Amino acid sequence: MACILHIETSATVCSVAVSENGQCIFDQADHSGPNHAERLGTMMDEAMSFTDNHGIPFDAVAVSCGPGSYTGLRIGVSMAKGICYGRDLKLIGVPTLQLLCVPVLLRHELEDDALVCPMLDARRMEVYAAVYDRALREIRPVGADVVNADTYRGYLDEHPVYFFGPGAAKCMDTINHPNAHLIEGIEPLAKYMQPLAERRFLNGEFEDVAYFVPFYLKDFVAKQPKKLL
């Protein structure tokens, strides 16, 4: 198994964790607001000092790769790249919406046919969302949804659907379906990245450190005129 440094800055919480052999051995999270530029460096120093003092070498850096806050993702990915270059480590990208599913799938009893719909807040009644089954198989890919009563009706008519994440609570009155369930208190945190990052590590699913960009930045860059790239 691997020792992986995890970085999560996609939303308002800034968090860092270290996992080794399937266990979280270091965890810090700052819930005081979107102050990633101020807090992430200090948290990274403490995480690396912890592993250095215990003689534990890193094998890779995992970073939440969006969707999420433009500024937050840039800060997290820039830090992850710097550590990878400085210590010659592999880079792992963890999709933020899959990350949100981890505490739900591990800690909550769901029906066998249940679907999960993690949501990140965009603006007004807009969210970034995806739909997965209990095995985290993608039922509907990530999309920017304008939520109304019909947005998820096709899934809700067939399955219980659990909504959670920073964008979920505002949508529940609008969704208004007997099969719609809200799970509160779910945030993207670095300590939940371990199972997803370790699976990618074992499968050799690494990112190109030089060219890796967060999820929605890829779409943004692809739309720019070539003369600007």
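**View 1. A129 and its bridge partner in β8.** In this predicted model, the bridge partner of A129 in β8 is G143, where strands are DSSP runs (E, at least two residues) numbered from the N terminus. Strand β7 (residues 126-133) pairs with β8 in the antiparallel sense over six bridges, and two strands count as paired if DSSP finds at least two bridges between them. E126 stands opposite V146 in β8. The two strands form a hairpin with four residues between them, and L136 in the turn has a positive phi of about 65 degrees.

**View 2. The hairpin of β6 and β7.** β6 and β7 pair in the antiparallel sense over five bridges, and L120 has Y128 in β7 as its bridge partner. Four residues lie between these strands, and R124 takes a positive phi near 45 degrees. Because six of the eight residues of β7 are buried, this strand is largely enclosed by the rest of the structure; buried means under 20% relative accessible area (1.4 Å probe, protein chains only).

**View 3. The open sheet.** Five strands form an open sheet with mixed pairing, in the order β8-β7-β6-β9-β10. Its edge strands, β8 (138-146) and β10 (180-183), each pair on one side only.

**Notes on the model.** Residues are numbered from 1 along each chain as its sequence is written, and side-chain values use heavy atoms, leaving out hydrogens and water.

Notes. Predicted model: local features only at pLDDT ≥ 70, side-chain atom pairs only at ≥ 80, totals over all residues. Buried < 20%, exposed > 50% of the residue type's maximum accessible area, 1.4 Å probe, protein only.
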